[in-house]
Amino acid sequence: MGAEHFLIFIFAAGAVQGAKESLEIIPINGNVELNTQAYFLCKVRGGGGVQVSLTWIDPEGNEIEEDSKPYWVKVIDETSKGLEMTLTSPDQGGNFKCVGEFDFEKTVTNQIEIHVIQRPTFVNTMDLVKEVHEGQNVEFSCLVKGIPTPTIRWIFGNQDIRNIKERQLFVENGKLLIENTQSSDAGIYICEATIEERNEVAFANFTLNIKFAPKIELLTSVPLVTQTGNPIQVNFTILANPSPSVSIAWKEKIFEDDAIKMIAQNQNRYLFLFEITPTSQEDIPELVITAANEVGTTKKNVPLEKDGGLGWGSILAIVLAILVLLLLIDALCYYKRRCGFLMFCKKNILCKRSTTGVENNGKILSKSGKSPVVNISGSEA
């Protein structure tokens, strides 16, 4: 073996020996969840073939034994030793060392920084659903814990509540206060808790139900115009919580239940259809819609009006409009094509004197200016 190959062999052997004299800790991430058991392994890098004594040292410099608390060691084999822990407080973390003493009196140390963490966790979430009457105040409490302390954000209708300017919504220390509640405030409010450095997010949903008296909205203009013998439909919506009972008074009769058809519902909004057929002039009074629930009662008057057809004034206006339109069309034809009623008037009225002759001292002259010859009894005068 040459000197060059001998040096290479010595260098490779030293590298292998150096690898066996170093320690590694698995895993390298030192985040430990609060009140959750965690496990770390200290081992000789490169495996067996060496004699080593491994020791785990806590942040205060004390050797960790097999029966220590809240962390203890577990021997795996001659070249590895485990460290188990269940941490119950953030101050139990710190710098933990693994010390290896090899048989040729060489000491090697590796260390890991343990951080006690806690994911965002909601506490005391008993009042997730609240129901109040319209006009009352309501408060939701979003209590959350985590290490480090999470930041809290309230969301309603896919908007950060701080950006909603139309309503008086107050947020302080995780609490949401809604003053003078309205029906539009009902819905789901989301409490978002975030620990940004670990990109951890948790959500809690709070539901607000608001009870309010019915509100009636007509979908057609009033008064409703109708004719005797023809059916007329009344479409209207009712916004209410709880659901309303509906009745309609007409001609001293009360219509309920099947006579009034509910054709659609979306949450607290109800769409109704009612149809009547007046048979005489006396059948065209107003309708009265009544909606009621446990909060209150609301009424809506719907006036009806007989369709009287076209009066003389309407007919005269239509005739005049037609005449004006014909005149405009004729004027357009006159100026562009020299035809139409105006051209007829020009040719047969304004130009009549030039085409039929002129009077001269009371005598009618021909176009040549001479008196015409009158044939009397077959002779020429």
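User: Is C142 buried or exposed?

Analyst: In this predicted model, C142 has a relative accessibility of 2%, and because the cut-off for buried is under 20%, C142 counts as buried.

User: And what does C142 pair with?

Analyst: C142 forms a disulfide with C191, with the sulfur atoms 1.8 Å apart. C142 lies in the loop between β10 (138-141) and β11 (143-147), while C191 is in strand β16 (residues 187-195), so the pair ties together parts that are 49 residues apart in sequence. C191 is buried as well, with a relative accessible area of 0%.

User: Left-handed or right-handed, that link?

Analyst: The link of C142 and C191 is left-handed, with -85° about the S-S bond.

User: How many disulfides does the whole structure have?

Analyst: A search of the whole structure finds 2. C42 and C98 form a disulfide too, their sulfur atoms 1.8 Å apart, and this pair links distant parts of the chain, with C42 in strand β3 (residues 37-44) and C98 in strand β7 (residues 94-102), 56 residues apart. The relative accessible area is 0% for C42, which is therefore buried, and C98, at 0% relative accessibility, counts as buried. Counting bonded cysteines along the chain, the pattern is 1-2, 3-4.

User: OK, switching to rings. How many aromatic pairs are there?

Analyst: The count comes to 8 aromatic pairs. One of them is W154 with F206, a tilted pair at 5.3 Å centre to centre with 50° between the planes, and it links strand β12 (residues 151-156), which holds W154, to strand β17 (residues 200-218), which holds F206, across 52 residues. Both W154 and F206 are buried. The rings of F236 and F272 have their centres 5.5 Å apart and their planes at 15°, so that pair is stacked.

User: Which residues are in the cluster linked by ring pairs?

Analyst: The cluster consists of F140, W154, F156, Y189 and F206.

User: Which charged ends sit over the rings of W72 and W250?

Analyst: The charged end of K69 sits over the ring of W72, 4.1 Å from its centre, and that of K251 sits over the ring of W250, 5.1 Å from its centre.

User: Last topic, the surface: what is the accessible area of the nonpolar patch with V319?

Analyst: That patch has about 900 Å² of accessible area together, and its members include I315, L316, V319, L323 and I329. V319 lies in helix α2 (residues 312-337) and is partly exposed, with a relative accessible area of 41%.

Definitions and conventions
Residues numbered from 1 in each chain as written. Predicted model: local features only at pLDDT ≥ 70, side-chain atom pairs only at ≥ 80, totals over all residues. Heavy atoms only, no water. Disulfide = S-S within 2.5 Å. Helix = DSSP H or I, 4+ residues; strand = E, 2+ residues; numbered from the N terminus. Buried < 20%, exposed > 50% of the residue type's maximum accessible area, 1.4 Å probe, protein only. Patch = residues over 30% accessible without salt bridge, like charges linked within 9 Å, V, L, I, M, F, W, Y side chains within 5 Å. Areas by Shrake-Rupley, 256 points an atom, 1.4 Å probe, with all protein chains shown as cover. Salt bridge = Lys/Arg side-chain N within 4 Å of Asp/Glu carboxyl O. Phe/Tyr/Trp six-rings, centres within 6.5 Å; stacked < 30°, edge-to-face > 60°. Lys NZ or Arg CZ within 6 Å of the ring centre and 35° of its normal.
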